[in-house]
Amino acid sequence: MEASTPNEEPVQIIYDFKCTSCGIDEKTHYKGTNPPFSRNIVLKYPSYVMKDPFSPPGKGEILVLGSDCTICGQTVCINKECSLFYKKNYCLDCAKNLIETFPVEIKNKLVQIKKK
Ligand SMILES: [Zn+2]
Ligand SMILES: [Zn+2]
């Protein structure tokens, strides 16, 4: 009665990744901290990850494209003009709002980005 499908292919879920800051648009294969197609890679925070197209099969190399802002949840890429990582991941808008809570070196970084 029951249909057994032991050889069923796992569905490849594709996550649309779009940076709300610079607008970069990519397809990613995983969102989270522990990509199943990589070996021993655990990310510090949930990120959008794609398989590295230039890495030989079985190597498990990955590319991290970005992640969601801890505060507002907007998706931003890892470009330093789009996001800031300090303990958590922030989009630059939220980072600027929190600038007074960051240590001096992070503040300086932000001020430099603002000048552009
Ligand atoms: Zn971006
Ligand atoms: Zn934000």
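How many helices and strands are there in the chain? Two helices and eight strands, where helices are DSSP runs of H or I with at least four residues, strands are E runs of at least two, and both are numbered from the N terminus. Before I go on, the ground rules: this is a predicted model, so local features need pLDDT of at least 70 and side-chain atom pairs count only at pLDDT 80 or more, while totals for chains, interfaces and linings use all residues. Residues are numbered from 1 along each chain as its sequence is written, chains are lettered from A and ligands numbered from 1 in the order in which they are written, and side-chain values use heavy atoms, with hydrogens and water left out.

Okay, the overall layout. Starting at the N terminus, the order of elements is β-β-β-β-β-β-β-β-α-α. The chain has 116 residues, and 32% of them are buried. For burial I'm using relative accessible area with a 1.4 Å probe on protein chains only: under 20% is buried, over 50% is exposed, and in between is partly exposed.

Now the metals. Take the zinc ion that is ligand 1. Which protein donors does it have? They're the SG atoms of Cys19, Cys22, Cys77 and Cys82, lying 2.3 Å from the zinc. A donor here is an N, O or S atom within 2.8 Å of the metal, or 3.2 Å for Na, K and Ca, and because water is not among the atoms, sites may look incomplete. The angles among the four donor atoms run from 105 to 113°, and the site is tetrahedral. With four donors, that label asks for all angles between 85 and 135 degrees. Along the sequence, the spacing of these donors reads C-x2-C-x54-C-x4-C. Cys77 counts as buried because its relative accessible area is 7%, and Cys82 is buried too, at 3%.

Over to the zinc ion that is ligand 2. Its donors are the SG atoms of Cys69, Cys72, Cys91 and Cys94, at 2.3 Å. This site is tetrahedral as well, with angles of 105 to 117° among the four donor atoms. The sequence pattern for ligand 2 is C-x2-C-x18-C-x2-C. Are these cysteines buried or exposed? Cys69 is buried at 4% relative accessible area, and Cys91 and Cys94 are buried. Cys72, though, is partly exposed, since its relative accessibility is 39%.

And disulfides? Calling a disulfide a pair of cysteine sulfur atoms within 2.5 Å, the count is zero.

Next, the largest pocket. A quick word on method: on a 1 Å grid over the protein atoms alone, a pocket is an open set of points with protein on both sides within 12 Å along at least five of seven lines, and lining residues have an atom within 4 Å of a point. The volume is the space filled by probe spheres set on the points, with grid points joined across faces, edges and corners. For the largest pocket, that gives about 200 Å³. Eleven residues line it, and Lys80, Ser83, Leu84, Phe85 and Lys109 lie nearest its centre. The elements giving two or more residues to that lining are β7 (83-86) and α2 (104-115). By type, the lining splits into five nonpolar, three polar and three charged.

You'll find it in the loop between β6 and β7, and it's exposed because its relative accessibility is 52%. The C-alpha atoms of Asn79 and Gly66 are 8.1 Å apart, for a sequence separation of 13 residues.

Most residues other than glycine have a negative phi. Lys87 counts as exposed, since its relative accessibility is 67%. Then comes Lys88, in strand β8, which is partly exposed at 46%. Lys88 and Thr70 are 18 residues apart in sequence, with their C-alpha atoms 6.6 Å apart.

Last stop, His29, in the loop between β2 (25-28) and β3 (30-32). His29 is partly exposed, at 22%, and its C-alpha is 9.7 Å from that of Phe17, twelve residues away in sequence.

Note on methods. On a 1 Å grid over the protein atoms alone, a cavity is a set of points where a 1.4 Å probe fits but cannot get out, and a pocket is an open set with protein on both sides within 12 Å along at least five of seven lines; lining residues have an atom within 4 Å of a point. Ala, Val, Leu, Ile, Met, Phe, Trp, Tyr, Cys and Pro count as nonpolar, Asp, Glu, Lys and Arg as charged, and the others, Gly among them, as polar. Four donors count as tetrahedral if all angles lie between 85 and 135 degrees; four count as square planar and six as octahedral if opposite donors are over 155 degrees apart and all others between 65 and 115; anything else is irregular.
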